[in-house]
Amino acid sequence: MLEQLWNSILDVVSQFVIPDWEALIALIPVGLLVVIVIWLILLVRRFATAGPTRRGKARRAPTAPAHVHMPGGSWAPIVVAFGAFFVFWGLVVGGGALWIGVAILALTLLVWGREALRDYDTVADRRETALTVVHAGPPPGVHMPGPSFRPILAALGVAVLFYGLVFGGWLLAVGVLLTVVTLLGWLVDARREYVKVVEAETTGHLENIPEPRWPRRLLWVGALLVALAVIFDMGVITPRGGETAAGGPGEPPASGAPEGPVGSGEPAGSGEPGGSGDAPAGDTTVVAEGVQFTTQDVKAPAGDFTIAFDNRDVGTPHDVDILGDDGSKVFDGEAFPGPEVRVYDVTGVEAGSYEFVCSVHPDMTGTITVE
Ligand SMILES: [Cu+2]
């Protein structure tokens, strides 16, 4: 009885002393979310309860100078942002979010259009009385920042970035580069404008920064980079996909070599990794289970061959990297979580004995003999 009690106490204690790391790690995002939500609530509370921070001049509602028309405030841009968020969310995750987003966008754009029409009607009614003064530039007392090509460049960069997010590869890198370059340029412009504002404090005259010229060189370089990225991505993707499709079934004669995986009684390289009938086959099979390679000694034909990598660890990513004598990667396999079997295409490996490792768990090692 006492021993039973003691054992149950030990069980409870072991939960804390020897925690289930996998479950704990899975909880980290939830913990982060909780922290962020608490922080947001505290922030909102602080703003809601904050008194007037400055004494003296109070903030005035913005009023347009005489003869300048200012449209009233509108919630539409903010609601449109929410709609766009749902649309993108739906595009990525799928499901109802897409349609909710589309509905929000459509409704908001209708409301926005109505607001614009009402605004136009107000202006049209007063055309004879209010808008009789026509200025060449902005009215006196109104500062208008000069024209800028940055928004267009930013739109182009973000467009490339989104295509990159969808299609991946070099296009993504080019998109990030274009967006960053544009934003940096924008910052430079903003800084120059700020300098002019500071100068205006003394001169009493606010000048615009010099009008920018159309950035032909930047556009040419950007277009060239995008073209190169597309060509590069296509060139890399097409041959690899073709080899996997054609090479798999075409190679079975070469996979007849008997391979005795050490520490595992299962046949490897015979076209039925793990016993699952329709799993993809390779010239040789590497199995990962329990965060170790259960096939630690495998053989493969020299030159080009395929490795069917059978990752049986649910939710744990592994890969197979073949290392040269100097520790450099002769082949770099892509990591993926199990349970899944993927076929790696290995090219141009000379005969010899190599170490292979999992780049996620460097303790996972094995030997591959290429002959
Ligand atoms: Cu691993």
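## Strands β5 and β6

Strand β5 (residues 321–323) and β6 run antiparallel and are joined by 3 bridges. Leu323 has Lys329 in β6 as its bridge partner. The model described here is predicted.

Val330 also belongs to strand β6. Leaving aside residues up to four places away in sequence, Val330 touches Ile322, Leu323, Gly324, Val349 and Tyr354. Val346 lies 16 residues from Val330 along the chain, and the C-alpha atoms of the two are 9.0 Å apart.

## The five-stranded sheet

Both β5 and β6 are part of an open sheet of 5 strands, ordered β2-β10-β9-β5-β6. Pairing in this sheet is mixed. The edges are formed by β2 (297–300) and β6 (329–332); each has a single partner strand, so one side of each has no neighbour in the sheet. On average, neighbouring strands of this sheet are turned by 30° against each other, direction ignored.

## The three-stranded sheet

A further open sheet consists of 3 strands in the order β1-β3-β8, and its pairing is mixed. From one strand to the next, the twist averages 25°.

Strand β3 (residues 303–311) runs parallel to β1, and 5 bridges join the two. Within this pair, Ala288 is opposite Asn311 in β3.

## Helices α5 and α6

Helix α5 spans residues 150–167 and helix α6 residues 170–203; their axes come within 7 Å and cross at roughly 155°. An angle over 145 degrees counts as roughly antiparallel, so α5 is roughly antiparallel to α6. The crossing of α5 with α6 is left-handed.

On the α5 side, the residues that meet α6 include Leu153, Leu156, Val160, Leu161, Tyr163 and Phe167, along with Arg150. On the α6 side, Leu171, Leu172, Val176, Leu178, Leu183 and Trp186 are among the residues in contact, as is Asp189. Glycines take part from both helices, including Gly157 and Gly164 in α5 and Gly175 and Gly185 in α6. Sorted by class, the contact of α5 with α6 comprises 16 nonpolar, 6 polar and 2 charged residues.

Terms used:
Residues numbered from 1 in each chain as written. Predicted model: local features only at pLDDT ≥ 70, side-chain atom pairs only at ≥ 80, totals over all residues. Axes fitted to C-alpha atoms, helices over the stretch in contact; angles between N-to-C directions. Helix = DSSP H or I, 4+ residues; strand = E, 2+ residues; numbered from the N terminus. Parallel < 35°, antiparallel > 145°, perpendicular 65-115°, else oblique. Left-handed = near helix turned anticlockwise from the far one by under 90°. Contact = placed C-beta atoms within 7 Å. Nonpolar A, V, L, I, M, F, W, Y, C, P; charged D, E, K, R; others polar. Pairing = 2+ DSSP bridges.
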